[in-house]
Amino acid sequence: MTGKDKLLDVKDLRVSFRTSNGTVKAVRGVSFALERGETLAIVGESGSGKSVTARAVMGLLAGNGVIEGGEIIYDGMDLAKLGERKFNCLRGSRLAMIFQDPLNSLNPIIRAGRQITETMLANSKAKRREARRSFRSGLKSVAPYARGVPGGADIVRSFVKTAALSAALHREHSMRLERAAEAAFELREALESVLNGETAKALKRLRKTLLKARLPYLERADGAASPLSGPLDALESQVRLFPENGGGDGLLESIERAAEALEDEAKRHAPYYFARAHMRLFKGGEGEAGALMSEFIALADKALSERRHVPPEGKEAFSGAALAELLLDAAKCRADRVSRRAAAGRALRLMKEVGIPEPRKRFRQYPFELSGGMRQRIVIAIALSSNPEILICDEPTTAIDVTIQAQILELIRSMKAKYGLSVVFITHNLGVVAGIADRVAVMYAGKIVECGLAEEIFTSPAHPYTWALLASMPDLEAADKLESIPGAPPNMITPPEGDAFAERNKYALKIDFMMQPPEFQISDTHWAATWLLHPKAPKVEPPGIVLERIKRIKLHGGESR
């Protein structure tokens with residue numbers, strides 16, 4: 001762990017479940033961090049606490065589940081202490097989860113397309129509710145200035161007017177980006193029609209799409225020329241000159257270039273649009289919105305200087321600039337309204353991106369009409385629908401035919417790269433994460449017993465439980481019979497005092513039954529909690545099947561076969 005950009009930081013998390021037989025201690029002091037853009041795999045047998053940890057992060061514990069201690073830090077917030085109302089604004093929009101069984105994850109009596117769009121609509125609604133609360137909070141902060149201050153009523157009026165204009169500006173730019181994405185999707189469909197020989201149909205769609213693409217969203221905050229002008233002009237020329245019964249590489253090339261330019265505009269240049277909207281307001285520069293914001297900041301600061309009872313340490317928080325920032329945050333959320341039409345358009349684009357053929361047809365189908373692999377792709381589309389930062393995959397390949405597993409893993413890898421996701425991948429099979437994980441945390445009986453870079457876990461494992469997982473992992477080149485892990489996991493109502501794996505560990509030392517081992521650092525990025533790493537412990541080599549497997553992994557460049 002470099003710690004350079006921690007997106008999620010879980011510290012000493014403890015989760016229990018109250019049952020009629022007693023309290024089950026499912027997670028016992030788990031700590032890990034997820035860096036931005038990283039894939040962290042959490043591996044272990046069923047019942048080791050992997051899924052419970054993920055559900056605690058998502059705020060989705062069962063009714064009898066209790067977080068008894070620890071912190072889950074995300075964006076400066078402790079999710080372990082976050083209320084359900086605030087969690088609703090994060091879940092889906094910033095934190096998303098793919099569940100184990102796609103058939104149980106989807107509602108069998110609701111069409112697939114609607115299940116994708118309802119996530120976007122619900123997140124939009126939750127954001128707007130939170131924005132209204134934030135705006136009311138800001139208004140209450142401004143209101144004290146109005147009492148007994150000359151022109152105080154003007155401050156409140158200016159605040160409200162500026163909020164309305166701010167929301168309108170942000171909404172305008174959001175719609176421009178959405179229309180760019182819609183136009184790119186429609187161009188891709190037209191390209192498919194041309195390739196399938198349906199040129200007349202494609203030209204009709206192209207003419208409509210070009211009208212949509214010619215919207216006034218070509219302005220850039222940095223003053224640079226938009227990359228859209230050239231490709232759209234070229235495509236328009238091709239469409240105008242192209243005979244309806246012909247073919248040609250020029251049209252195909254023009255569609256491809258225009259679609260790429262629109263996709264680039266929608267994805268890479270979004271910050272310019274929002275910077276422009278922010279600058280118009282906060283910098284007090286352009287138009288009515290900028291003038292109103294300047295007036296508001298000046299009025300608020302003048303009122304602050306005249307209210308002598310405000311303590312010096314509170315002046316910064318109550319300044320016009322601080323209140324303006326609060327107003328902009330609230331107004332931007334107010335602008336994040338997603339219409340049903342826009343949600344349906346994005347759902348169709350996502351269905352195509354995750355590899356679902358004929359998305360318009362599948363959009364209206366029910367889950368039981370789709371294959372297992374297709375259902376899992378729908379679940380992935382739902383998870384991606386609100387552009388989350390963190391994606392948690394809870395054994396997403398377990399309920400899928402082995403021939404589809406590689407496709408789903410490749411899809412998750414490509415979606416991670418495309419959307420800049422940080423991924424927590426949960427599985428019981430070390431082989432599944434060999435080519436997808438940056439780091440691996442091995443979990444047993446509610447604790448992480450070993451953690452390191454994927455290469456370190458596969459080529460220099462240190463904990464006997466990790467050895468056992470490697471020995472039981474299917475391998476096409478293995479000459480020896482796979483080994484099973486003897487015994488069963490411990491009863492988590494009364495977990496052992498020592499190492500929880502001691503009863504099943506043929507290398508266990510006497511101290512393993514008496515005291516839990518600390519974390520022994522093997523390298524800057526690799527540690528394991530086993531007494532075998534103590535300087536006074538006897539030297540123990542991994543079993544022969546594991547040593548042979550490590551040799552093959554090294555031979556194949558770190559990939560398990």
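Colleague: Which residue in S9 is the bridge partner of Leu40?

Modeller: This is a predicted model: local features need pLDDT of at least 70, side-chain atom pairs count only at pLDDT 80 or more, and totals for chains, interfaces and linings use all residues. Residues are numbered from 1 along each chain as its sequence is written, and side-chain values use heavy atoms, without hydrogens or water. Strand S3 (residues 39-43) runs parallel to strand S9 (residues 439-444), and four bridges join them. In S9, Leu40 has as its bridge partner Arg439.

Colleague: Which strands are the edge strands of the sheet?

Modeller: Strands (E, at least two residues) and helices (H or I, at least four) are DSSP runs, numbered from the N terminus. Two strands pair if DSSP finds at least two bridges between them. The open sheet has eight strands in the order S6-S7-S8-S3-S9-S10-S12-S11, with mixed pairing. Two strands each pair on one side only: S6 and S11 (520-523).

Colleague: What angle does the direction of helix H17 make with that of S9?

Modeller: Axes are lines fitted to C-alpha atoms, for helices over the stretch in contact (heavy atoms within 4.5 Å). Angles run from 0 to 180 degrees between N-to-C directions. H17 (residues 464-471) packs on the sheet and touches S3, S9 and strand S10 (447-453). Its direction and that of S9 make an angle of about 105°.

Colleague: How many residues of helix H1 are buried?

Modeller: Buried means under 20% relative accessible area, exposed over 50%, and partly exposed in between (1.4 Å probe, protein chains only). Among the buried residues of H1 are Lys50, Val52 and Met58. H1 (residues 50-58) is mostly covered, and of its nine residues the buried ones number seven.

Colleague: Is Ser93 buried or exposed?

Modeller: Ser93 sits in the loop between helix H2 (84-90) and strand S6 (95-98). Leaving out residues up to four places away in sequence, Ser93 touches Asn123, Lys127, Ser386, Asn387 and Pro388. Its relative accessibility is 5%, so Ser93 counts as buried.

Colleague: Are the rings of Tyr366 and Phe368 stacked or edge-to-face?

Modeller: Rings of Phe, Tyr and Trp (its six-membered ring) pair if their centres lie within 6.5 Å; planes under 30 degrees apart count as stacked, over 60 as edge-to-face and the rest as tilted. That rule gives six aromatic pairs. The centres of Tyr366 and Phe368 are 5.7 Å apart and their planes lie at 5°, so this pair is stacked.
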